Amino acid sequence: MRAARLIKMVLLLQSRPVMSAAELAAELEVSERTVTRDAQALSEAGVPVYAERGRAGGYRLIGGYRTRLTGLARNEAEALFLSGLPSALREMGLEDAASAARLKVSAALLPSVRDASASAAQRFHLDAPSWYHEPEPPDVLPAVADAVWDDRLLRARYRKGGGRENGRRENGRNGTEVARELAPYGLVLKAGVWYLCAKAGDDFRVYRIDRFTSVEPADERFERDETFDLPAFWDARAAEFARSLLRTEVTVRVSESGARQLAFTGDRAAAATALSEAPPAGPDGWRTVVLPMESLDVAYSQLLSLGPELEVVAPEELRGRFAEAVERLSDLYR
């Protein structure tokens, strides 16, 4: 533990002209007294650490000293490529590895560009979770992530939601629990929810991490199919899932303004396709569009937001609900 801290101290001093004892203590998460002892140990080991007193003083490396202890470990190199996702790294238990990797890269850079990482971090930040959603990383996520990195088979128990395993909206809390042996290929973070893309038998499937009740990495590893493309697989499954939800058709008439707003009321791709297949607008500027929707209840809640820019034509049940809503609104504002 101390050896790792001493290396980190050297790398910190190599990446900056001078650091105070308080700054080093904060970075190393130790006391200033420990920093003093560590600096003395480095000096005795031949590392030219020099302490300057005074307000502008601190610790520095003298004589242009440069350590060659900058080689990245595998987990550090892997974490480095995810360094734009701090919350994801933290949830997978890779925050320390990423920090060490960034420090090693910074130490290897020329002095003129050592502030590049800080400069980029102040100009770009990715906030993955959606609004009004407080992410709660599943307890099993670090173990699943370790199995993914290590190509290690995973024995797990999983709650099936609504009889499906590939992204149904039900939370799965009361679903049937099943045992699975999985070859975990990759993790996906979608709007604050973690998913595992894994091979079960001969098929690739998607599992919500928060539905695993237990996971146990096996001793044996699996042979990864090098042709597997995680982004392409996820895009295809996500599109398939979105289409599977749209089980009801609703016929509407929309104004020019309503047509522009359709993309913001439900599935954007489905709305764009429906508009492209709709006949041209009539003399009044309105178009008749057949929209695929998840259900009549969803159609009611989503399409009602268009107000007078949309008229429901069919089915009659939905048209009746809109007529009733209009009457109630009229009574409220009369």
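**Nonpolar cores and an antiparallel sheet**

Leu 291 is in contact (heavy atoms within 4.5 Å) with Thr 248, Glu 249, Val 250, Val 252, Leu 262, Ala 271, Ala 274 and Leu 303, leaving aside residues up to four places away in sequence. The model is predicted, so that local features need pLDDT of at least 70 and side-chain atom pairs count only at pLDDT 80 or more, whereas totals for chains, interfaces and linings use all residues. Residues are numbered from 1 along each chain as its sequence is written, and side-chain values use heavy atoms, with hydrogens and water left out.

Leu 291 also belongs to the largest nonpolar core, which has 22 residues; together with Val 252, Leu 262, Leu 303 and Leu 310, Leu 291 touches the most other members. Such a core is a set of buried Ala, Val, Leu, Ile, Met, Phe, Trp, Tyr and Cys residues joined through side-chain atoms within 4.5 Å, where buried denotes under 20% relative accessible area with a 1.4 Å probe, protein chains only. Among the elements that each supply at least two residues of this core are strand 8 (248–254) and helix 12 (296–303). Helices (H or I, at least four residues) and strands (E, at least two) are DSSP runs, numbered from the N terminus.

An open sheet is formed by 5 strands in the order 6-5-4-3-7, with antiparallel pairing; two strands pair if DSSP finds at least two bridges between them. Strand 6 (203–208) and strand 7 (212–221) stand at the edges with a single partner strand each, so one side of each lacks a neighbour in the sheet. Strand 4 (residues 177–190) and strand 5 (residues 193–200) pair over 7 bridges in the antiparallel sense, and Ala 183 stands opposite Lys 199 in strand 5.

Notes
Buried means under 20% relative accessible area, exposed over 50%, partly exposed in between (1.4 Å probe, protein chains only).
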